[in-house]
Amino acid sequence: MNFFKFHPLLFLFILSIALEFVIKADWKKHEVFTGAPSFTAIAGEFTGDKLPDIIANSGGKTRLFVAPDWKEIVLDDHPEHRFIHSEAFDVDQDGDLDYLGARYQPGLIIWLEQPNRPTTQPWPLRIVSRKLNGIHGLLQGDVDQNGKTDLIANSAQPVNTPHPESLAWIAVPRNPRMAKEWKVNIIAPGDAPGLTHYLGFGDVNGDGRPDVSTGAKGKPSPHGNYFAWWEAPEDLSNDWKRHMIANHQLGATNIHPRDINGDGRTDFIASRGHGNGIVWFEAPDWKVHEIHPTLREPHSLIALDLDRDGDIDAASCAFGDKEAWWFENDGKGGFTNHRVAINQEAYDIRASDMDQDGDLDLIIAGRRSNNVAWYENPEKIRFRQTPLFPATPSMVFPPR
């Protein structure tokens, strides 16, 4: 018996229901720069043409690569300005993006002011701070919740700083062009030993105040190999309380507070960038879930929605395996792992819509691969159509 002869509405329904075709393909590599070890790269609209450009630091040179052809403009050339971390926001509130770079040791944070004609005029360099040492994390966020962007940084080294083994936040001064240095506010005075690395920022305990997290790699320090978060007090001038997430995490480096399983609680997703593996820790007891336990030295990690399905995914590039991966969340904390690239080493990874097609691409600064590259997200929604009319039970389940 011809089913559709007796069920024309079901036939029409099947033809008219919402269809979503997702093409899973390779991530196309776009080479931006080659020829020198690159530790940090960040995308932004730096030239006023509405296209995403890239600023990267390689071998003491901070370079602006102008989209779409990646014309190279050297913004700063100084052999001692070997920055391993960077951020970008409007420091001086003049309506354009400025660049901030951080050197590990001796510790230094600078900012480069975007001029009126960013491709032809010099970018003035000014000091943010020289008071920290071992700056292996630089992050932006509104720490004091006054609607303005602050910096969060660490001072991981135990020597040559008034703030050894500490975490800090730094507010932009009222007139950053005139300030000799910015005021450093210490979060964890001497309370972050073990060579802390990257930083996370977000409200962990639901009190409405954003907290700070980090991982400490250990060697050569006798301490470390842990992930922890520091609880923001009501009065930010007081010390922040440390909470241990997990010990015995060999080579712990990166950690981000995110709701991974969709239960409304803040979990953590993390990498052991000087060890092996990507993991997430489930609130409230920080039960550990392995995502990719064997990935060697995943020294970079981002956590955000890469496939536009409403949950938190992640991506990393490992300098041990020289591979980039993204980790697809099913919304409940179950992950499917996808390899993005081989023969790509990293120190830094970011996400931005480089081709302006509505999804997030990956930008990687390659240390031993001596490059800066971006990888094009292949997820494309090819066809979507709204049903012509709603379904009824008899249309979906034929009567028996």
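1. Isoleucine 187 is in contact (heavy atoms within 4.5 Å) with Leu167, Ala168, Trp169, Val212, Trp230, Asp239 and Trp240, when its neighbours within four places in sequence are left aside. Isoleucine 187 is also listed, with Ile152, Leu167, Val212, Trp230 and Trp240, among the residues with the most contacts inside the largest nonpolar core, which has 18 residues. A nonpolar core is here a set of buried Ala, Val, Leu, Ile, Met, Phe, Trp, Tyr and Cys residues joined through side-chain atoms within 4.5 Å. Buried means under 20% relative accessible area, exposed over 50%, and partly exposed in between, with a 1.4 Å probe and protein chains only.

2. At least two residues of this core come from each of β12 (166-171), β14 (196-202), β15 (211-216) and β16 (226-231). The strand that gives the most is β16, with three residues. Another core lies apart from this one; it has 17 residues, including Val91, Trp111, Val128 and Ile135.

3. On the basis of the model: it is predicted, local features need pLDDT of at least 70, side-chain atom pairs count only at pLDDT 80 or more, and totals for chains, interfaces and linings use all residues. Residues are numbered from 1 along each chain as its sequence is written, and side-chain values use heavy atoms, with hydrogens and water left out.

4. As to the chain overall, there are three helices and 28 strands. Helices (H or I, at least four residues) and strands (E, at least two) are DSSP runs, numbered from the N terminus. Of the 400 residues, 55% are buried. Among contacts with a separation of 6 or more, 46% are between residues 24 or more positions apart. The accessible surface is about 18200 Å², and carbon and sulfur atoms hold 51% of it; areas come from the Shrake-Rupley method with a 1.4 Å probe, and for residues only the protein chains shown count as cover.

5. Proline 220 sits in the loop between β15 and β16.

6. A further open sheet of four strands runs in the order β22-β23-β24-β25, again with antiparallel pairing. β22 (302-304) and β25 (335-342) form its edges, each pairing on one side only. Seven bridges link β24 (residues 323-329) with β25, and glutamate 323 stands opposite isoleucine 342 in β25.

7. Histidine 338 belongs to strand β25. Which residues does histidine 338 touch, not counting those up to four places away in sequence? They are Ala324, Trp325, Trp326 and Glu328. The side chains of histidine 338 and glutamate 328 make a polar contact of 2.6 Å. A polar contact is a pair of N or O atoms within 3.5 Å; within protein, one must be able to donate a hydrogen and the other to accept it, and residues adjacent in sequence count only if both atoms are side-chain atoms.

8. Serine 58 lies in strand β3 (residues 53-58) and counts as buried because its relative accessibility is 2%. Its side chain is joined to that of serine 38 by a polar contact of 2.6 Å.

9. Two residues other than glycine have a positive phi. Glutamate 297, in the loop between β21 (287-296) and β22, has a phi of about 55° and counts as partly exposed, because its relative accessibility is 28%. Asparagine 343, in the loop between β25 and β26, has a phi near 55° and counts as exposed, because its relative accessibility is 63%.

Technical notes:
Pairing = 2+ DSSP bridges.
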